Amino acid sequence: MSRDTSPPAVSRRRLLAALAAGVSISVAGCGSDGNGTDTGGGSDDREFIHGTNTGGQDLNPLSIGDEATEARLNLLYDGGGVVDDDPVGFQGRWLRSWELSDDARTVSYEVRDGLEWGAGYGALDAETYVWNVRNVFRSGWASWAQSSFLSVGGDPIEYERTGELTFEAHLPQSRANFLHEDPLLYALPLPKEFVQSEIEPDAGTTPSTPYRQQVARHEDIRNANIVGNLGPFTLESYEAGSRMTVARNDDYYLADADDVDDGAFADSPALERYTYRVFDEQSTAYSAIRSGDITQTGVEARRKAEIAGEDDVTVWTSTYGDGINWISLNHRANGWAPIGDSREVRQGLAHALDTGTLIEEIFDGNANPIDTFHPRWGPYYSDEAIETFGADTELARQKIAAGTPDGYEYDDGALINPDGEQQTLRWVADTTTQTGDLVTNFVRQSLEEVGFDVETTGRPFGELVSTYLRNSVDNNPDFEGEPDYPPRGYNGGPADQSVSAEPWDLLYGVGFSTAAYAPWQAIRGVMTEKGSFNFLGYDAGEYDVAGTLDAAAGASTGEAATAELEELFGFLSRDLPVLWTHNNHRIEAFRRSVGGLPEVRSFFSDVDPRRLSFTRTDT
Amino acid sequence: MGLKRYAARRVAWAAVATWVAVSATFVLLWLSPDPGADVAAAEAAAQGLSPEQAQERYLAARGLDRPAHVQYLDFVTSVFTLDWGWSVSQNEPVMEALGESWGHTVQYAVPAMAVSVVVGYGVGLYTAVNQHTAADYVGSFVAYVGISIPNFWFAIVLILVSGVWFQDATVLGISLEPLSFRTFYDPSIDTFTVANARQLVLPTTVLATASVASQMRYSRAEALEYVAADFVRTARAKGASGWRILTRHVFRVALVPLSTILVVQVLTVLFAGSIVVEQIFAIPGLGRLYLDAIRGNDTQLVLVITLFPVVIAILGNLLQDLAYVILDPRIDYGDR
């Protein structure tokens, strides 16, 4: 979950579940002579500056839990593999091959020969992977952020070394889509010798500094000395909050590999230096891309046309955004009761909103409408199964009137509640961004047209999370005792027991990753009654969301998974636990001198620093 | 002897004041809500990870899971032993983080201060002795505009005009490209180069503008008090030149209150102005470090950076008190 502003700069060919729409300005720039113009040197000797408005965390490979850090570490370490975009399938990196057995229960891996850690830590081989799974990824001391992905259906995946460069994973149940959720494709193991000699997690004594911090603070990690020949670049400097500069790794193993994407990485990377710069102020990044001080920047949807109009700038757009955005509805006891009680009321609210206009006017058309917890481009989207609710003010009033209990009635266009007053809806949004303000105004007008009085509140993102999303029985004066099930994350208990600190009815500003090819975990977290991120208090009633997800995830064929998920997405489109709005495009602006931008063929088509180059002198 | 005793008392007071300020900052930080843990948990949950684990990791990484008194004692001990600990937001020792940052801030803050003092005091004095003339009105107008323009807006406009528009603009056939400066700060450019000087022009201008304006207003107001004073009239009657009257009689006495204001100005420029300027020009200096530390709940770094303005204020006050003796012969520490 993250703020809804502009698309993330995240390597989507990797499998880390990305957040929906973090503010991100990715800027790649030409070198500069200091006065704002590109140096006119050779084509490849200029510095590539990639700007972003999000700083990374530390360079501990075990720490990856956010997009910014992942993007930075991606310059230093390749990881096991990525998902190819055409056709969709495995593309090797450290792992030469990946193969799922016919019964979808066993994965066979082959580690590429010749992979060497830096700083004298030896070879990266099958033993490295299996040892890391057992002693690092699954250990308590490492707190690996993706450790939960090493289990399937609650049971651990068993890993077994079968040769110097080969090993297998035995899945406790069938997983036809395991390619899209295999943690070893993006996991970054540590050298066994490094952990044993420098960290000593099994020494039995309590360290003054937690082991995980010892890793992060070790010179070989902070300076990325362990890179060896494993990544396209080596580290020159890193300041977490402001910049990172890397230089071409002349020993990069992939430069000599002819088995990957028909030798597309021969002699890669083409760039000599690559720098991440953090811009707190987006307008500075836009000015910098225009002036040539930087070469690439992520662009907000509503600014695309303006930036694309610049002579020396080219805009790359992927319509396969992985973040979906919606207007959250409060089904809990401190929300307007008919929202949680009546599907008809929720459908009425959906009819009140013209998402087409919202996308056109606020996002300048640079987003896709969505109708369920899945983008329209997603592999499990089915027109036949999905129900849509077009903008229709009259129909909205009819459904709201029909769905509200006795005592509610329309009077001169206003919805009057049993107290004889116009019904007020409490709208909360992250208004620290201009997009939040614009959406707030749009929705307020839409709801006022169908008879509501709308009370709006703007809050910073952090406060939105802590005050409105987090909920507990302690906030409910009408409830005493323990909730019916243990609180988990952002679900403090059943909707009639656990409520947020402040009441609300509709909320905007949080978006979610669809994880389109393996969506079960994301949906389970938000849309199941006991899901750890069901801050909505949503309960699907008779429909077994969790059971459907289990069936889809555990399917042994893609067809079986598709059938289950089509049914689920159809249900969510009709039941409207939230008001579905849009799925952002991903927009990046580059200086025209940049070559190697990928053709957008699928969700997995992504800009890769390994393939970028300068094709001509900028003027 | 009086001066030494006075100075010793002031230094002792400075130590107490520093301790109070640091303790107060610690307490305020400790009491303030930390949405970071919530956000970390929310992000973990959205990715299908354990929010509880994410929250625990967040707190443990920052040492925030320890009792408050342990955190406080740790900090106070580290202040006195100069072991300022580890910055979790920068993942390096606090001393290293400060060492990498201060130079970037000094590069534009010192010139900005110098410009604001020289130009501000100069124009202020000139307009004071030429009160109600066209120059006075122009000076006052410029001062009010300088005070009124928000720094962040001025910076963005300067970047657009100078960094982008001047690149291609021509006036009467003359290209404005030479007046075009970098849109953001590049720390990799060598310090003592023309390129570095050029990239510092815009941040220095922005920072100096508001400061110049306020220095101008203060110095004009102070100087006006003495322009018609008896001792100035006497000097004029004795045939002193206008320059001598201005510098030796008016300015010297006016400097006593102005030097008091100067300390406040330095702090304002360094720790308020620099945050805005460094954000907009992407300068990895102290202001940005401070903001990153606050955002990242990097208690260790926040507390150490808080020491800087405190020390500057205390030392500045001490120095200005000592300077009073030199500036105004009527002040003596002998009796204190």
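User: Which residues count as positive and which as negative in this predicted model, and how many Å apart are the mean positions of the charges of chain B?
Analyst: Lys and Arg count as positive, while Asp and Glu count as negative. Chain B has 21 positive and 26 negative charges.

User: Is B:Leu172 buried or exposed?
Analyst: B:Leu172 sits in the loop between strand S3 (170-171) and strand S4 (174-175) of chain B. Its phi is positive, near 55°, in a residue other than glycine. A residue is called exposed when its relative accessible area is over 50%. B:Leu172 has 83%, so the word for it is exposed.

User: What does A:Asp364 count as in terms of accessibility?
Analyst: A:Asp364 belongs to the loop between helix H10 (355-362) and strand S16 (367-369) of chain A. Here too the residue is not glycine and phi is positive, near 55°. Buried means under 20% and exposed means over 50%, with partly exposed in between. The relative accessibility of A:Asp364 is 37%, so this residue counts as partly exposed.

User: Which residue does a cis peptide bond join to A:Ser268?
Analyst: The omega angle of this bond is about -5°.

User: What percentage of the residues in chain B is buried?
Analyst: Chain B contains twelve helices and four strands. The chain has 336 residues, and the buried share is 50%.

Technical notes. Residues numbered from 1 in each chain as written. Chains lettered and ligands numbered in written order. Predicted model: local features only at pLDDT ≥ 70, side-chain atom pairs only at ≥ 80, totals over all residues. Heavy atoms only, no water. Helix = DSSP H or I, 4+ residues; strand = E, 2+ residues; numbered from the N terminus. Buried < 20%, exposed > 50% of the residue type's maximum accessible area, 1.4 Å probe, protein only. Charge placed at Lys NZ, Arg CZ, Asp CG, Glu CD.
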